[in-house]
Amino acid sequence: MESKGSILIKFLMFLQLSVLCLSQQQDFDFFYFVQQWPGSFCDSQKSCCYPTSGKPAADFGIHGLWPNYRDGTYPSNCDPSSPFDQSQISDLTSSLQKNWPTLACPSGDGIQFWTHEWEKHGTCSESSLKQHDYFETTLNLKQKSNLLDALTSAGIQADGGSYSVSSIKEAIQKGVGFSPFIECNVDSSRNSQLYQVYLCVDTSGTNFIDCPVFPHGKCGTDIEFPSF
């Protein structure tokens, strides 16, 4: 039988570990809110598969809401004891299928995609957002940003044309109020194209903010905006 002293030491170690885990969950400085253009995801050598719910609308889709540090690094997989639970977001499923669709092959219903995003990124924001809040907050951010409207209002159309990165950034800044980071990929002909847009959000997941740091990588001066 263990002594009282041994039991106390184990209990204190458990408390220390619990505090450490909690601090890791709370210890992030801002979110990257990342949206992707489905036409660019699909117009690549890897190609894509439409989800089982059908071809998504020609609109930016959510990739994720990612906790980040000001030094450019990020936490991940913070809470193995909090796996994705589909029942917690049953009221959001139709909205997620529309706004957060999977384009990976083989075709899927989105569950695998949302599971990955919650378990890798969402669990690191549990001090602010539990699972349902995490997905609902991300959906709200998409509606608030409305990237496609910001671009089309500036005459930037998803028609396969070429546009300057600076004009794309200016259009989004005018529409959203904050400067984005633009990530490009390449089509099957190796042309650079508009792929993902990063906006920064405060730790509550409520307000867009100026990005403390941008991701690495850059596009050409002019990039394509492919149709979908």
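Over the ring of which residue does the charged end of Lys 55 sit? Here are some notes on this predicted model, starting with that one.

1. **A charge over a ring.** The answer is Phe 228: the charged end of Lys 55 is placed over its ring, 4.7 Å from the ring centre.

2. **The annotated site.** UniProt, in an unreviewed entry, lists His 63, Glu 117 and His 121 under "active site". These residues are spread over 59 residues of sequence, yet they cluster in space, with a largest C-alpha distance of 11.2 Å. His 63, Glu 117 and His 121 also belong to the lining of the largest pocket. Please keep in mind that such annotations may be inferred rather than shown by experiment.

3. **His 63.** You will find His 63 in strand β2, which covers residues 61-68. Its relative accessibility is 18%, and buried means under 20%, so His 63 counts as buried. Beyond its neighbours within four places in sequence, His 63 is in contact with Val 34, Gln 35, Gln 36, Trp 100, Phe 113, Glu 117 and Gln 196.

4. **His 121.** This residue sits in the loop between α4 (111-120) and α5 (131-145). His 121 is buried, with a relative accessible area of 5%. Setting aside neighbours within four places in sequence, His 121 is in contact with Leu 65, Trp 66, Pro 67, His 116 and Tyr 134. With Trp 66 there is also a polar contact, side chain to side chain, at 3.5 Å.

5. **Aromatic pairs.** How many aromatic pairs does the structure hold? There are 14 of them.

6. **A tilted pair.** Trp 37 and Phe 60 form a tilted aromatic pair, with 5.1 Å centre to centre and 55° between the planes. Trp 37 is in the loop between β1 and α2 (38-42), while Phe 60 is in the loop between α2 and β2, so the pair ties together parts that are 23 residues apart in sequence. Trp 37 and Phe 60 are both buried.

7. **One aromatic cluster.** Phe 30, Tyr 32, Trp 66, Phe 181, Tyr 198 and Phe 214 form one aromatic cluster. Another member, Trp 66, makes the polar contact with the side chain of His 121.

8. **Pro 212.** Is Pro 212 buried or partly exposed? With a relative accessible area of 33%, Pro 212 is partly exposed. Its place is the loop between β6 (208-209) and β7 (222-224). Leaving out neighbours within four places in sequence, Pro 212 is in contact with Phe 30, Arg 70 and Cys 200. Among these, Phe 30 is a member of the aromatic cluster. Pro 212 and Asn 68 are 144 residues apart in sequence, while their C-alpha atoms are 9.8 Å apart in space.

Technical notes:
Residues numbered from 1 in each chain as written. Predicted model: local features only at pLDDT ≥ 70, side-chain atom pairs only at ≥ 80, totals over all residues. Heavy atoms only, no water. 1 Å grid on protein atoms, 1.4 Å probe; cavity = no way out; pocket = protein on both sides within 12 Å on 5 of 7 lines; lining within 4 Å. Helix = DSSP H or I, 4+ residues; strand = E, 2+ residues; numbered from the N terminus. Buried < 20%, exposed > 50% of the residue type's maximum accessible area, 1.4 Å probe, protein only. Contact = heavy atoms within 4.5 Å. Phe/Tyr/Trp six-rings, centres within 6.5 Å; stacked < 30°, edge-to-face > 60°. Lys NZ or Arg CZ within 6 Å of the ring centre and 35° of its normal. Polar contact = N/O pair within 3.5 Å; in protein donor to acceptor, adjacent residues only side chain to side chain.
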